[in-house]
Amino acid sequence: MKIETYIGQLLYRYQCVTVPGFGAFLTEIQSAQLNENTNTFFPPKKMISFNSHLKNNDGLLANHIAYAEKTSYGFAVSAIAFEVVNWKKTLEENGTIFLKGIGELRFNSEKNIIFTPNDQTNYLATSFGLSPFVSPMLKKEILRKRSKQFQKENQSLYTEMKKENHLILS
């Protein structure tokens, strides 16, 4: 069973998804960003991190799997435990595991788990459908010319209206 699918589903709704016996995926909302060098706007998103010290079963993942698979809570707990054993074995043998849509977990030189999030998936539901976009560069000179032209047009319009009102009032 690929539990990363269920972890991904829960990351849209919760700030913390614990994988019992392994660690927890945590989310933090990051506001919209502007890269001024490239004029690129990025929508708000949830940043994912990993904490290998949070290992206690809070029941969230197991209940979600049990409901989705139409099975018992006990079976879901066993399936998670089996997947965790596989993950640990893969980390020991290959040094890296990739969780689709979530990110990459690998060991550093001291055998601590390092997490690199997948930045292609935005788990902030309110940003659904929003993607980064590049805005064309606006030059100040063009804006100044347009502003002066607008002021001249409005000034002549104001003068004409003032003359008409003065004639009507006389």
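**Reading the terms in this predicted model**

The chain has four helices and nine strands, and the model in which they are seen is a predicted one. Along the sequence, these elements follow the pattern α-β-β-β-β-β-α-α-β-β-β-β-α.

Me: Why is methionine 47 called partly exposed?
Reply: Methionine 47 has a relative accessible area of 34%, and because buried means under 20% and exposed means over 50%, methionine 47 is placed in between, as partly exposed.

Me: Where does methionine 47 lie, and with which residues is methionine 47 in contact, leaving aside its neighbours within four places in sequence?
Reply: Methionine 47 lies in strand E5, and with those neighbours left aside, methionine 47 is in contact with Leu26, Thr27, Glu28 and Gln30. The C-alpha atoms of methionine 47 and asparagine 122 are separated by 8.0 Å, although the two residues stand 75 apart along the chain.

Me: How do you know that strands E1 and E2 pair?
Reply: Pairing asks for at least two bridges between two strands, and four bridges join E1 (residues 16-19) to E2 (residues 23-30), with the two strands running antiparallel. One of the positions to look at is threonine 18, whose bridge partner in E2 is alanine 24. The hairpin of E1 and E2 has three residues between the strands, and in it glycine 21 takes a positive phi near 80°.

Me: Which residues of E6 make up its covered face, and which its uncovered one?
Reply: The covered face holds Ile97 and Leu99, while Thr96 and Phe98 make up the uncovered one. As background, side chains in a regular strand alternate between the two faces of the sheet.

Me: Why are E3 and E9 said to stand at the edges?
Reply: Three strands form an open sheet in the order E3-E4-E9, with antiparallel pairing. Strand E3 (33-35) and strand E9 (133-134) each have a single partner strand, so one side of each is left without a neighbour in the sheet. Three bridges join E3 to E4 (residues 40-42), and asparagine 35 has threonine 40 as its bridge partner in E4.

Me: Which residues touch the most other members of the largest nonpolar core, and which elements give two or more residues to this core?
Reply: The core has 28 residues, of which Ile7, Val19, Phe22, Phe25 and Leu61 touch the most other members. Among the elements that give two or more residues to the core are helix H1 (4-11), helix H2 (60-69) and helix H3 (73-94), as well as strand E5 (45-51). In the chain as a whole, buried residues make up 29% of the 170 residues.

Me: What lines the largest pocket?
Reply: The largest pocket, with a volume of about 350 Å³, is lined by 18 residues, of which Lys45, Asp119, Gln120, Thr121 and Asn122 lie nearest its centre. E5 gives the most to this lining, with four residues, and the lining residues divide into seven nonpolar, eight polar and three charged.

How values were computed. Residues are numbered from 1 along each chain as its sequence is written. This is a predicted model: local features need pLDDT of at least 70, side-chain atom pairs count only at pLDDT 80 or more; totals for chains, interfaces and linings use all residues. Side-chain values use heavy atoms; hydrogens and water are left out. A nonpolar core is a set of buried Ala, Val, Leu, Ile, Met, Phe, Trp, Tyr and Cys residues joined through side-chain atoms within 4.5 Å. Buried means under 20% relative accessible area, exposed over 50%, partly exposed in between (1.4 Å probe, protein chains only). On a 1 Å grid over the protein atoms alone, a cavity is a set of points where a 1.4 Å probe fits but cannot get out, and a pocket is an open set with protein on both sides within 12 Å along at least five of seven lines; lining residues have an atom within 4 Å of a point. Grid points are joined across faces, edges and corners, and a volume is the space filled by probe spheres set on the points. Ala, Val, Leu, Ile, Met, Phe, Trp, Tyr, Cys and Pro count as nonpolar, Asp, Glu, Lys and Arg as charged, and the others, Gly among them, as polar. Contact means heavy atoms within 4.5 Å.
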